[in-house]
Amino acid sequence: MIQPKKVFKTADGKLGFEWNDGSRGACGIRKLRQSCPCALCVDEHTGEKLLVDSSVPEDITLVKVQSVGRYAASLTFSDGHNSGIYPYDKLKELTEKA
């Protein structure tokens with residue numbers, strides 16, 4: 001099971017991870033917000049994305065990162081959005097694409 005060993009903010013303002021498999025990666029905060037998997041952002045039944053990417057502010061920041069069990073993280077953004085639970089495998093995928 002993939003889990004972060006370390007979570008950090010990079011010099012260029014991204015959210016970075018050091019994973020338990022030895023890999024590292026980072027993802028921009030706006031991209032994380034645009035990738036939110038919650039029911040407000042993605043239709044639970046069809047999987048269709050509901051969030052309009054352009055509605056996410058360019059200067060959005062991350063206010064809080066909190067572990068959810070051993071499998072995910074909850075992210076709170078400066079736009080007030082905090083309902084997304086990001087499974088670690090999804091976060092790893094996002095950081096690999098960054």
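**Salt bridges and strands in a predicted model**

At 36% relative accessibility, Asp79 counts as partly exposed; buried means under 20% relative accessible area, exposed over 50%, and partly exposed in between, with a 1.4 Å probe and protein chains only. This is a predicted model, where local features need pLDDT of at least 70 and side-chain atom pairs count only at pLDDT 80 or more, while totals for chains, interfaces and linings use all residues. Residues are numbered from 1 along each chain as its sequence is written, and side-chain values use heavy atoms, with hydrogens and water left out.

Asp79 forms a salt bridge with Arg33 at 3.0 Å, N to O; the term means a side-chain nitrogen of Lys or Arg within 4 Å of a carboxyl oxygen of Asp or Glu. Asp79 is in the loop between S5 and S6 and Arg33 in helix H1, 46 residues apart. Helices (H or I, at least four residues) and strands (E, at least two) are DSSP runs, numbered from the N terminus. Arg33 is buried, at 7%.

The count of salt bridges comes to 7. Another of them joins Glu58 to Arg30, with the closest N and O atoms 3.4 Å apart. Glu58 is in the loop between H1 and S4 and Arg30 is in H1, so this pair ties together parts 28 residues apart in sequence.

Now the strands. S4, S5 and S6 form an open antiparallel sheet in that order; strands pair if DSSP finds at least two bridges between them. S4 and S6 each have a single partner strand, so one side of each is left without a neighbour in the sheet. Elsewhere, S1 and S2 pair antiparallel over 5 bridges, with Val7 opposite Phe17.
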